[in-house]
Amino acid sequence: MSFGFKSDSTKEKPEYIPKKTFIECTECEQVFISREYNKSNAEAFCKCENLHLGIRIIQNSRFENFVTVRWNISPPKIYEEK
Ligand SMILES: [Zn+2]
């Protein structure tokens, strides 16, 4: 079984984000909420295109998917709902 991880990119790091987590771009200050991303809304860029949100589908798990975030310039601020 292959998960198809890419290893050809040096600057982008996927990161697993739990649901109900805020992801803020430190460049343009746009905030994303991880739970808004799922199979039907699977991809987003922030205004300055620093951040790229996506999802990774998980099989054989009670979780349907994880949200992943990649970045080009600077990593996002990630914080839980208060
Ligand atoms: Zn941005």
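Strands here are DSSP runs of E at least two residues long, helices are runs of H or I at least four long, and both are numbered from the N terminus. Two strands count as paired if DSSP finds at least two bridges between them. With that in hand, take the hairpin of E4 and E5: 5 residues sit between its strands, and among them Glu49 takes a positive phi near 65 degrees.

Before going further, a word on what you're looking at. This is a predicted model, in which local features need pLDDT of at least 70 and side-chain atom pairs count only at pLDDT 80 or more, while totals for chains, interfaces and linings use all residues. Residues are numbered from 1 along each chain as its sequence is written.

How confident is the predictor? The score to watch is pLDDT, the predictor's confidence in each residue, from 0 to 100. The protein averages 82, and 78% of the residues score at least 70. A contact here means two residues whose C-beta atoms, placed from the backbone, lie within 7 Å.

Now the overall layout. Of the contacts between residues at least 6 apart in sequence, 42% join residues at least 24 apart.

Start with the open sheet, where 3 strands line up in the order E3-E2-E7 with antiparallel pairing. Strand E3 (31-33) and strand E7 (77-80) are at the edges with a single partner strand each, so one side of each has no neighbour in the sheet. From one strand to the next, the twist averages 25 degrees; the axes behind such angles are lines fitted to C-alpha atoms (for helices, over the stretch in contact), and angles run from 0 to 180 degrees between N-to-C directions. Strand E2 (residues 21-24) runs antiparallel to E7 and is joined to it by 4 bridges. If you want a landmark in that pairing, Ile23 has Ile78 in E7 as its bridge partner.

Next, follow the chain to E4, E5 and E6. Strand E4 (residues 43-45) pairs with strand E5 (residues 51-57) in the antiparallel sense, over 3 bridges. Phe45 stands opposite His52 in E5. E5 also runs antiparallel to strand E6 (residues 65-71), and 7 bridges join those two. Here Ile55 has Val67 in E6 as its bridge partner.

Back to Glu49 for a moment, which lies in the loop between E4 and E5. Its positive phi comes although Glu49 is not a glycine.

Glu29 is found in the loop between E2 and E3 and is exposed, with 11 other C-beta atoms within 10 Å. Its C-alpha is 9.3 Å from that of Cys48, a residue 19 places away in sequence.

Asn65 belongs to strand E6 and counts as partly exposed, with 16 C-beta neighbours inside 10 Å. Leaving aside neighbours within four places in sequence, Asn65 contacts Asn38, Lys39, Ile55, Arg56, Ile57 and Ile58. Asn65 and Ile55 are 10 residues apart in sequence, with 6.3 Å between their C-alpha atoms.

What about the inside? Buried residues make up 16% of the 82 residues. A nonpolar core is a set of buried Ala, Val, Leu, Ile, Met, Phe, Trp, Tyr and Cys residues joined through C-beta atoms within 7 Å. The largest one has 11 residues: Ile17, Ile23, Cys25, Phe32, Tyr37, Cys46, Leu51, Leu53, Val67, Val69 and Trp71. E5 and E6 are the elements that give two or more residues to this core, and E6 provides the largest share, 3 residues. One core member, Cys25, touches Gln30, Cys46, Cys48, Asn50, Leu51 and Pro76, not counting residues up to four places away in sequence.

Definitions and conventions
A residue is buried if 20 or more other C-beta atoms lie within 10 Å of its own, exposed if 12 or fewer, and partly exposed in between; C-beta atoms are placed from the backbone.
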